[in-house]
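Dear colleague,

Please find below the structure that I am handing over to you. My findings follow it, arranged by topic.

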Amino acid sequence: MTMAEPTVSLEIFRYQPDGGGTSTFQQYQVPYHEDWVVLDAINYIKDHLDGTLAYRWSCRMGVCGSCGMMINGIPKLSCATFLKEYYPHPIRVEPLANFPIERDLVIALDDFMKKLSRVQPWIVRTAEAPLGAGEYRQTPAELDQYKQFSMCLNCMLCYAACPMYGLKPLFLGPAAIALAHRYNLDSRDEGRASRQEVLDDEHGVWDCTLVGECTTVCPADVDPAAAIQQIKLSTALDWIKRALRPGGSA
Ligand code: FES
């Protein structure tokens, strides 16, 4: 007699846009392996139990940022979350909170992509030096200024965790602000003034009430909450400098 293979129960959110707009949870029994992550279990369902399940993933190594899901209510990368963290209890898997759902576990990215491009997440130069002038060089200390904020995966877990983004969908949001900060801190960049128009507007950094969940769930230790507070501080200093200037006003 062989011992029954251990299994774990996954309750997966299902939504088909052409299914009358209703959603449901579907339960699947999946083999349990100590070294399996939640994404392995979902891939097992797709390959062996239900080929209609829709979800995103790519690298399976915590780099591409595409496999974010709500796992038992917490935004996580499914490729970096082990079944053993929950076994033998059931695991509930849902699409990332605060985003429109396209199908099953797939969310719409449009809002985030628009916000990202508004902060110009690239190096802005007022005038490019001629090619012959060589590279824009940096010291290790200059690199350290922004390196932490450059680790963002664009996984959007921070948006799913942010109660302010849930309440105010126009809020620019943690990842876009952290990436703006990353380029503002880069010694080669000259784009702070134009980014500031977006960061300091009514849906920029001031919509953040410092709940800090963005930093808690970030799988890359970017600390978007710190980026937002640092921008608030530099923006306040800008106001003070303008106000103190002879004839100036905030
Ligand atoms: S599949 Fe790339 S981060 Fe999970």
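The expected span of a helix is 1.5 Å times one less than its number of residues. Helix α1, residues 38-49, has 12 residues. From its first C-alpha to its last, α1 reaches 15 Å, close to the 16 Å expected. Please note that this is a predicted model.

**The chain as a whole**

The chain contains nine helices and seven strands. Taken along the principal axes, its C-alpha atoms fill a box of roughly 85 × 40 × 30 Å. Of the 250 residues in the chain, 42% are buried. Among contacts in the chain with a separation of 6 or more, 62% are accounted for by residues 24 or more positions apart.

**Helix α1 and strand β2**

Which residues of α1 are buried? They are V38, L39, D40, A41, I42, N43 and I45. These buried residues pack against four strands, namely β1 (7-15), β2 (23-31), β3 (68-71) and β5 (91-94).

V30 lies in strand β2 and is buried, with a relative accessible area of 0%. Leaving aside residues up to four places away in sequence, V30 touches P6, T7, V8, W36, A41, Y44 and I45. Of these, A41 and I45 are among the buried residues of α1. T7 is 23 residues from V30 along the chain, yet the C-alpha atoms of V30 and T7 are separated by 5.3 Å.

**Loops and backbone geometry**

Q16 is found in the loop between β1 and β2. Its relative accessibility is 21%, so Q16 counts as partly exposed. Beyond residues up to four places away in sequence, Q16 touches R103 and D104. The C-alpha atoms of Q16 and R103 are separated by 5.3 Å, although the two residues are 87 apart along the chain.

The peptide bond from Y87 to P88 is cis, with omega near 10°. P88 lies in the loop between β4 (74-77) and β5.

**Cysteines**

How many disulfides does a search of the whole structure find? It finds zero. For C218, the closest cysteine sulfur is that of C155, and at 6.3 Å it is too far for a bond, because a disulfide requires the sulfur atoms to be within 2.5 Å. C218 has 15% relative accessibility and therefore counts as buried. C67 is also buried, at 4% relative accessibility.

**The largest pocket**

The largest pocket holds about 160 Å³ of space. Its lining comprises 16 residues, and R56, G65, S66, L109 and M156 lie nearest the centre of the pocket. Strands β3 and β7 (106-107) each supply at least two residues of this lining. By class, the lining residues divide into 11 nonpolar, four polar and one charged.

Yours sincerely

Note on methods
Residues are numbered from 1 along each chain as its sequence is written. This is a predicted model: local features need pLDDT of at least 70, side-chain atom pairs count only at pLDDT 80 or more; totals for chains, interfaces and linings use all residues. Side-chain values use heavy atoms; hydrogens and water are left out. Buried means under 20% relative accessible area, exposed over 50%, partly exposed in between (1.4 Å probe, protein chains only). Contact means heavy atoms within 4.5 Å. On a 1 Å grid over the protein atoms alone, a cavity is a set of points where a 1.4 Å probe fits but cannot get out, and a pocket is an open set with protein on both sides within 12 Å along at least five of seven lines; lining residues have an atom within 4 Å of a point. Grid points are joined across faces, edges and corners, and a volume is the space filled by probe spheres set on the points. Ala, Val, Leu, Ile, Met, Phe, Trp, Tyr, Cys and Pro count as nonpolar, Asp, Glu, Lys and Arg as charged, and the others, Gly among them, as polar.
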